[in-house]
Amino acid sequence: MDNQVLLLPRPKRHSTASHICVLFLGGADDREALAYAKRMSYNIDVYITVVRLLVSEEKDLSSWEGMLDAEVVKDFELHTMSNRRITYKEEVVRDGEQTAWVIHSIIQKNDLIVVGRRNGIDSPLTSGLTEWSECPELGVIGDMLASSDVKVGVSVLVIQQMGGQ
């Protein structure tokens with residue numbers, strides 16, 4: 001057995017930045033998607049935009065889910081605020097139609113869209129979007145992005161948080 005290592009010249013690394021957008025509507029799956037984005041932020045070739053969609057100016061802190069969402073977003077901002085490759089913004093929408101408009105406006109700027117599956121979550125943010133669902137297993141937003149109506153070559157990653165058992 002020959003254990004010699006053959007050293008070949010390494011090809012030059014062509015750094016191509018990846019532009020990733022995380023859509024955060026709230027819930028366990030979206031919190032998992034944000035945690036995944038936080039891990040991706042350590043890669044110097046990755047630029048991340050987090051877009052949090054809110055129903056109104058007021059954040060829902062009255063529910064347990066709303067409090068968890070607020071804490072996860074706060075933690076993300078705290079750990080990434082000095083990173084120039086991370087952008088966080090909030091968009092206030094009234095209904096599913098405005099949500100779809102916001103999503104379609106950001107698709108072309110990104111290589112990958114990361115969304116939580118959000119199975120079984122009814123929200124004004126997605127009202128009316130389930131009626132046209134082709135692949136319900138992707139969740140409402142994942143289905144919309146994977147739809148044949150979306151003509152832009154963007155990849156979609158749908159994340160579902162695993163329940164503890």
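Which residue is the bridge partner of Val115 in β5? The partner is Val158, and that pair is a handy way into this structure. The model is a predicted one, in which local features need pLDDT of at least 70, side-chain atom pairs count only at pLDDT 80 or more, and totals for chains, interfaces and linings use all residues. Residues are numbered from 1 along each chain as its sequence is written, and side-chain values use heavy atoms, with hydrogens and water left out.

**The sheet**

- Five strands make up an open sheet with parallel pairing, in the order β3-β2-β1-β4-β5.
- At the edges sit β3 (86-92) and β5 (155-159), each of which pairs on one side only.
- From one strand to the next, the twist averages 20 degrees.
- Strand β4 (residues 112-116) runs parallel to β5 and is joined to it by five bridges.
- Strands pair here if DSSP finds at least two bridges between them; helices (H or I, at least four residues) and strands (E, at least two) are DSSP runs, numbered from the N terminus.

**Helices on and around the sheet**

- Helix α3 (residues 96-107) lies across β1 (18-24), β2 (46-54) and β3, and its direction is at about 170 degrees to β2.
- Angles run from 0 to 180 degrees between N-to-C directions, and axes are lines fitted to C-alpha atoms, for helices over the stretch in contact.
- Helix α4 (residues 139-146) has seven of its eight residues buried, so it is largely enclosed by the rest of the structure.
- The buried residues of α4 are Gly139, Val140, Ile141, Gly142, Asp143, Met144 and Leu145, and their cover includes β1, α3, β4 and β5.
- Buried means under 20% relative accessible area, exposed over 50%, and partly exposed in between (1.4 Å probe, protein chains only).

**The α1/α2 pair**

- Helix α1 (residues 28-40) packs against helix α2 (residues 64-80) at an angle of about 10 degrees, with the axes 10 Å apart.
- The two helices are therefore roughly parallel to each other (angles under 35 degrees count as such).
- On the α1 side, Ala28, Arg31, Leu34, Ala37 and Lys38 meet α2 residues Glu65, Leu68, Asp69, Val72, Val73, Asp75, Phe76 and His79; contact means heavy atoms within 4.5 Å.
- By class, this contact has seven nonpolar, one polar and five charged residues (Ala, Val, Leu, Ile, Met, Phe, Trp, Tyr, Cys and Pro count as nonpolar, Asp, Glu, Lys and Arg as charged, and the others, Gly among them, as polar).

**A look at Ala28**

- Ala28, in helix α1, is partly exposed, with a relative accessible area of 22%.
- Leaving aside residues up to four places away in sequence, Ala28 touches Glu65 and Gln161.
- The C-alpha atoms of Ala28 and Ile159 are separated by 9.8 Å, although these residues are 131 residues apart along the chain.

Note on methods
Parallel < 35°, antiparallel > 145°, perpendicular 65-115°, else oblique.
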